[in-house]
Amino acid sequence: MRVAILAALTPSPFKVHFMNILRTILRAFVLLLGMASAALTGPYEEALPKFANDSYADTDTAIGAVASSGNPLSIDVVEALRDGRLLIGAGQVFIRRVSGELTNAATGQVWGNPAGELKAVRVNNRVRRSIEAALGSLTLLSADAAKRLEAAHAVFRSRDEAVLPTLEKAIAQEGQTHVRNALENARAAILLSKQDALPMQRLAAIETLRARGDQEALALLSNLPSNAPPDVVAAAGKAAAGIRSRLTFWEAVQNVWYGISLGSVLLLAAIGLAITFGTMGVINMAHGEMVMLGAYTTFMVQELIRSQAPGLFGASLLIALPLAFLVAGSVGVLIERTVIRFLYGRPLETLLATWGISLILQQGVRTIFGPTNREVGTPAWMSGALDIGTMSLTYNRIAIVVFAFAVFAILLLVLRYTPLGLYVRAVTQNRRMAGSMGIRTSRIDALAFGLGSGVAGIAGVALSQIDNVSPNLGQGYIIDSFMVVVFGGVGNLWGTLVGAITLGIANKLLEPYAGAVLGKIALLIAIIVFIQRRPRGLFALKGRAVEA
Amino acid sequence: MRTHSLFDRQTNLVLSLLAAAAILVPAMNGLAPPGSALHLSDHLVPLLGKYVCFALLALSVDLIWGFCGILSLGHGAFFALGGYAMGMYLMRQIGPRGVYGDPILPDFMVFLNWKELPWFWYGFDWFPFAALMVLLVPGALALVFGWFAFRSRVTGVYFSIITQAMTFALMLAFFRNDMGLGGNNGLTDFKEILGFPVQAGSTRIALYVLSVLALAGGYLLCRWVAGSTFGKVLVAVRDAESRTRFLGYRVEHYKLAVFALSAMLAGIAGALYVPQVGIINPSEFAPANSIEVVIWVAVGGRGTLAGPIVGALLVNAGKTWFTAALPEFWLFALGSLFVFVTLFMPRGILGAARDLWERSSQKLRARRSPQPVTHAAE
């Protein structure tokens with residue numbers, strides 16, 4: 001047995017000869033198979049040899065024939081032609097795969113060594129156009145819905161009349177509604193600009209485009225072919241006007257949404273300030289740094305989760321929320337107990353001292369974490385966008401708006417229904433009277449300061465999603481937050497809410513007309529003028545508390 | 001008030017120290033041979049000049065904060081406006097020597113493809129006009145802003161916040177290229193001032209001496225204002241605004257006048273600052289700068305007039321040293337200074353020194369004469 005194997009492994013002259021014969025026979029057999037399959041001719045196999053002629057006209061017709069053949073190899077052939085990988089030699093057509101191996105275009109089988117010289121099929125601009133159209137129509141029939149959708153969008157843009165038959169076929173067999181819509185849009189786009197389209201078809205196309213109703217549809221409707229009959233022109237004009245007013249409407253809605261979004265960011269940043277400023281009349285210039293601390297807490301939580309428990313990443317923000325509240329809140333209480341407590345009744349000095357604290361906190365964070373931006377990730381459930389009308393709302397913005405209002409509601413409830421809230425309100429309205437009634441005002445000050453700072457920390461968690469987490473994060477919000485609080489009025493959370501949302505929306509509505517910077521300047525001036533009219537804000541406290 | 005004379009002991013001391021600074025620095029720079037221990041190298045002259053300008057700015061803040069209780073967190077804006085007025089004059093002096101060689105338009109306008117000089121640049125090639133603008137522009141802004149603010153009785157922290165908003169808005173505006181004032185880069189590449197090359201050592205000495213003189217003049221002016229009846233009303237406004245109003249004084253007029261005066265002083269400081277540092281850009285409007293000025297005043301001693309000068313010089317010398325030796329720690333030091341001064345030295349260095357002086361002199365007097373002495377002035 002062992003001897004036999006050895007004999008088989010050891011090449012003897014006879015055996016080598018025999019192997020060569022075997023190989024030749026095999027090759028002939030493969031060749032025969034190939035020919036046999038070529039003999040089973042369809043439109044694909046008939047069209048293929050035309051490439052071998054290497055004339056532009058023949059190539060062009062071959063592309064059309066191949067593309068409409070329905071053969072699964074046809075897409076490979078057209079792609080290979082586009083990339084210069086379609087080779088001809090000895091009357092045969094080959095595809096050089098991206099991996100480098102050579103296959104027979106007719107059968108798709110691997111072709112060992114090329115017989116003789118191979119050269120690529122030449123293309124010119126006309127051929128290239130046919131290639132693009134063919135590819136569009138080929139992917140229109142792809143099994144993958146995403147590819148079909150992409151192809152439909154491509155056809156919508158190219159508006160190639162040659163694709164029309166394939167498009168009809170694709171529409172007829174399309175099962176998914178949104179792909180079908182895209183395909184019908186593409187058909188409408190082609191029909192509208194097609195010279196010899198019937199008026200009926202055009203009117204239907206106009207109707208489809210009107211339903212689509214975006215900027216691109218508008219462009220198509222306003223560029224009708226010159227030979228369009230008057231009723232089509234009129235219908236198109238009407239549809240375009242409809243789209244225009246719809247677009248204006250959605251643009252306004254979008255601006256308002258951006259304004260609410262900006263307003264909720266301002267609300268988050270300012271609401272903690274409203275509490276500290278309201279209760280103690282203390283200008284806390286380090287408030288922005290509390291926001292920054294919250295953002296860095298989020299960063300730390302995410303880092304820990306990444307290294308220890310990657311599965312929890314989706315919940316990282318929820319975990320960061322209480323931690324950020326605790327971190328910023330305890331820093332706030334610490335500041336109150338060590339510095340601000342000694343400065344009551346001297347608001348201007350408090351302003352300076354807290355500014356100093358903000359410098360120290362900024363530099364501290366810069367020393368520990370470095371001056372560069374830190375990467376805070378977005379959990380999967382917050383990425384993506386919701387499409388309404390022509391605008392798309394990103395989930396993280398929606399989350400921040402919802403979150404800001406939730407924080408506002410919770411704070412409102414805390415202030416209204418808890419003992420702490422009662423005391424804070426009492427101290428805000430009349431410090432001395434509250435003290436006389438047995439409220440330990442200094443303790444309430446510390447707690448209120450902690451609460452305000454903690455809320456700033458939570459704001460930091462949210463802002464880490466839309467802003468750069470850097471030591472300067474807080475600086476960017478401090479002036480805006482003061483504007484909100486001063487505009488809204490001190491000692492009233494509703495004032496802060498109205499102030500924040502008003503400023504946010506006003507800012508975004510001004511932006512398209514005045515530009516971002518001028519809009520902001522105009523708003524600052526408006527607030528300065530407003531304070532002259534109502535020095536204590538929109539929702540001012542009334543009565544004796546004002547002079548206290 | 002111990003004395004009603006303008007030239008009391010403190011004034012004399014300040015003036016003689018300033019005179020010494022005005023004489024010693026040029027002497028040490030020009031007469032002492034390089035390498036000797038007394039020699040002051042060339043690059044230190046504009047640095048000292050810069051400090052002196054800051055001292056004048058601090059003085060202007062003290063005039064309103066220390067004597068009238070108005071805490072402006074936007075005084076850097078008046079400083080920068082004065083600086084821009086001077087910068088525009090210096091830009092026009094460049095003439096055809098700019099990179100693009102345009103005889104009229106400054107380089108940045110050629111770069112932005114502007115065809116003609118904006119109207120507000122007219123007249124700035126003439127020094128007296130520019131000098132007038134150095135006073136008028138900050139003064140006018142202060143008048144308008146103050147008129148609105150004081151008339152509707154915006155006081156305390158509210159006023160501080162809107163001054164901050166004012167300087168922030170100005171910063172945003174000056175960052176715009178459309179503003180016609182150099183945008184982001186500001187005004188720079190100055191060649192000469194009144195025919196003297198800006199970079200030359202002798203010009204720098206002259207500018208330095210001028211700054212010291214301006215500081216001395218500013219100090220005397222503030223001293224005079226503080227000692228006058230007008231100044232007494234200001235102090236009354238600071239300590240009891242409502243009561244002063246009920247006594248029949250038009251509080252807002254007093255506030256407005258002193259606010260505008262202070263803004264003009266700040267403008268002069270800015271105008272002297274620009275040729276010495278060679279550039280003015282919108283970052284001078286940054287709210288943080290204005291807040292820093294307030295700490296100079298607080299460190300030196302608010303309401304003392306000499307204190308802000310001491311504070312500005314000390315803090316800026318500290319800044320220069322720290323940012324070179326321990327750049328990481330400068331903000332820690334500055335931040336701690338803010339906290340320390342407000343908590344433990346509410347009257348600043350000068351206030352603390354004066355307390356010490358009075359206590360020791362009281363002790364001395366008590367030792368000399370056993371019976372208690374009542375102060376005539378108290």
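Q: What's the bridge partner of Ile88(A) in S4(A)?
A: Lys119(A) is the bridge partner of Ile88(A) in S4(A). Before we go on, this is a predicted model, where local features need pLDDT of at least 70, side-chain atom pairs count only at pLDDT 80 or more, and totals for chains, interfaces and linings use all residues. Residues are numbered from 1 along each chain as its sequence is written, while chains are lettered from A and ligands numbered from 1 in the order in which they are written.

Q: Fine. How do S1(A) and S4 pair, and over how many bridges?
A: Antiparallel, over two bridges, with S4 covering residues 119-120 of chain A. Two strands pair here if DSSP finds at least two bridges between them. Strands are DSSP E runs of at least two residues, helices are H or I runs of at least four, and both are numbered from the N terminus.

Q: Which strand does S1 (residues 86-89) of chain A join through four bridges?
A: That's strand S2 (residues 92-96) of chain A, running antiparallel to S1. Gly89(A) stands opposite Gln92(A) in that pair. The two strands form a hairpin with two residues between them, and Ala90(A) in the turn has a positive phi of about 55°.

Q: And what's the strand order in the open sheet?
A: S3-S2-S1-S4 in chain A, four strands with antiparallel pairing. S3 (102-104) and S4 are the edge strands, each pairing on one side only.

Q: Where do the side chains go in a regular strand?
A: In general, they alternate between the two faces of the sheet.

Q: What about S5 and S6 of chain A, how many bridges there?
A: Four, between S5 (residues 385-388) and S6 (residues 391-394), which run antiparallel. Leu386(A) faces Leu393(A) across that pair. Two residues sit between the strands of this hairpin, and Gly389(A) takes a positive phi near 60°.

Q: Zooming out, how many helices and strands does chain A have?
A: Chain A has 22 helices and six strands. Of its 548 residues, 42% are buried, where buried takes 20 or more other C-beta atoms within 10 Å of the residue's own, exposed takes 12 or fewer, and partly exposed is in between, with C-beta atoms placed from the backbone.

Q: OK, helix packing. At what angle do H3 and H4 of chain A pack?
A: About 155°, with the axes of H3 (residues 43-53) and H4 (residues 56-69) 8 Å apart. Axes are lines fitted to C-alpha atoms, for helices over the stretch in contact, and angles run from 0 to 180 degrees between N-to-C directions. H3(A) and H4(A) are therefore roughly antiparallel; that label takes over 145 degrees, with under 35 roughly parallel, 65 to 115 roughly perpendicular and the rest oblique.

Q: Which residues make the contact?
A: On the H3(A) side they include Tyr44(A), Ala47(A) and Phe51(A), and on the H4(A) side Ala62(A), Ala65(A) and Val66(A) are among them. A contact means C-beta atoms, placed from the backbone, within 7 Å. By class, H3(A) with H4(A) gives seven nonpolar, four polar and two charged residues. Ala, Val, Leu, Ile, Met, Phe, Trp, Tyr, Cys and Pro count as nonpolar, Asp, Glu, Lys and Arg as charged, and the others, Gly among them, as polar.

Q: And H13 with H14 in chain A, what's the crossing angle?
A: Roughly 135°, and the axes of H13 (residues 287-308) and H14 (residues 316-338) come within 8 Å. That makes H13(A) oblique to H14(A). Their contact has twelve nonpolar, six polar and no charged residues.

Q: Switching to the interface: how many residues of each chain are in contact?
A: 33 of chain A with 37 of chain B. H15 (347-369), H20 (475-488) and H22 (516-533) of chain A each supply at least two residues to the chain A side. H15(A) has the largest share, 14 residues. That side divides into 25 nonpolar, five polar and three charged residues.

Q: Why does Arg153(B) count as partly exposed?
A: Because Arg153(B) has 16 C-beta neighbours inside 10 Å.

Q: And where's Asp189(B)?
A: In the loop between S1 (187-188) and S2 (192-193) of chain B. Asp189(B) has a positive phi too, near 65°, and counts as partly exposed, with 17 C-beta neighbours inside 10 Å.

Technical notes
Contact = placed C-beta atoms within 7 Å.
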